[in-house]
Amino acid sequence: MNVKRLVFKFGSLVFICFLIASSVSAAEIVVPSQDNPNVVIGGQTGYKNLYTVGANITVNSNTMSDLVAAGGMVTVVGDIEQQALIAGGNIFISGSVGGNARMAGGNITITGPVGGDLVVAGGTLNITQKATISGDLLIAGGSVVIDSSVMGNIRVVGDYVTINGLVQGDVEVRANNGLTFGPSAEVIGKIIYKGPKEAMVLDGAKVGAIEFTRISSPNFRHKLAVL
């Protein structure tokens with residue numbers, strides 16, 4: 001998958017959101033100063049419908065309603081009341097997202113809970129145990145590690161995929177270099193897997209029958225179809 005191209009398209013969408021926001025009085029836009037390309041939003045200030053862009057962005061404050069952000073590095077510590085739309089080279093999310101979240105970047109780490117669906121595209125994706133996903137999880141990436149619990153379904157297209165948490169729904173994976181179910185994995189729904197070899201199921205994993213289809217070569221176009 002051409003991650004740079006995907007991030008560029010995603011960033012273009014963020015820019016369009018900025019243009020829309022400029023005509024909406026409820027939106028608050030924070031941009032870098034002439035002297036400093038970075039943006040740091042302190043924890044004492046709360047924003048509603050926050051739109052921000054910069055070289056490096058750090059959001060320590062809570063955001064009422066939506067957050068839209070694009071930067072080289074985006075770090076979100078504060079909670080987001082509703083939706084999150086984020087693009088960046090490196091993305092770190094430790095705050096909670098009340099609604100749906102969509103992210104695209106080179107390296108993405110999510111340690112906060114998501115109240116709706118999570119759609120992620122990137123190179124290296126790490127969704128930790130603390131990042132409970134209340135809706136569906138859709139991923140297109142390279143190295144994908146899912147340690148969180150997912151209340152809905154999972155659809156993943158990647159190179160190396162590891163699932164090591166509770167999944168209440170179905171799991172559909174295409175992994176060009178293999179799928180592993182870790183010792184803490186538990187899948188309630190059905191599992192459909194396409195890859196070059198059968199999935200590795202480690203001791204302790206609770207998974208049922210795996211519907212396996214062997215593939216011989218990656219189809220990168222299919223990666224983007226998941227989105």
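Val39 counts as buried because its relative accessibility is 4%, where buried means under 20% relative accessible area, exposed over 50% and partly exposed in between, with a 1.4 Å probe and protein chains only. The model is predicted, so local features need pLDDT of at least 70 and side-chain atom pairs count only at pLDDT 80 or more, while totals for chains, interfaces and linings use all residues. Residues are numbered from 1 along each chain as its sequence is written, and side-chain values use heavy atoms, with hydrogens and water left out.

Val39 belongs to strand 2, which covers residues 39–41; strands (E, at least two residues) and helices (H or I, at least four) are DSSP runs, numbered from the N terminus. When neighbours within four places in sequence are set aside, Val39 is in contact (heavy atoms within 4.5 Å) with residues including Val30, Val31, Thr52 and Val53. Gly71 lies 32 residues from Val39 along the chain, and the C-alpha atoms of these two residues are 9.3 Å apart.

The strands can now be followed through their pairing, which requires that DSSP find at least two bridges between two strands. Strand 3 in turn pairs with strand 4, residues 63–76, in the parallel sense over 11 bridges, with Val53 standing opposite Ala70 of strand 4.
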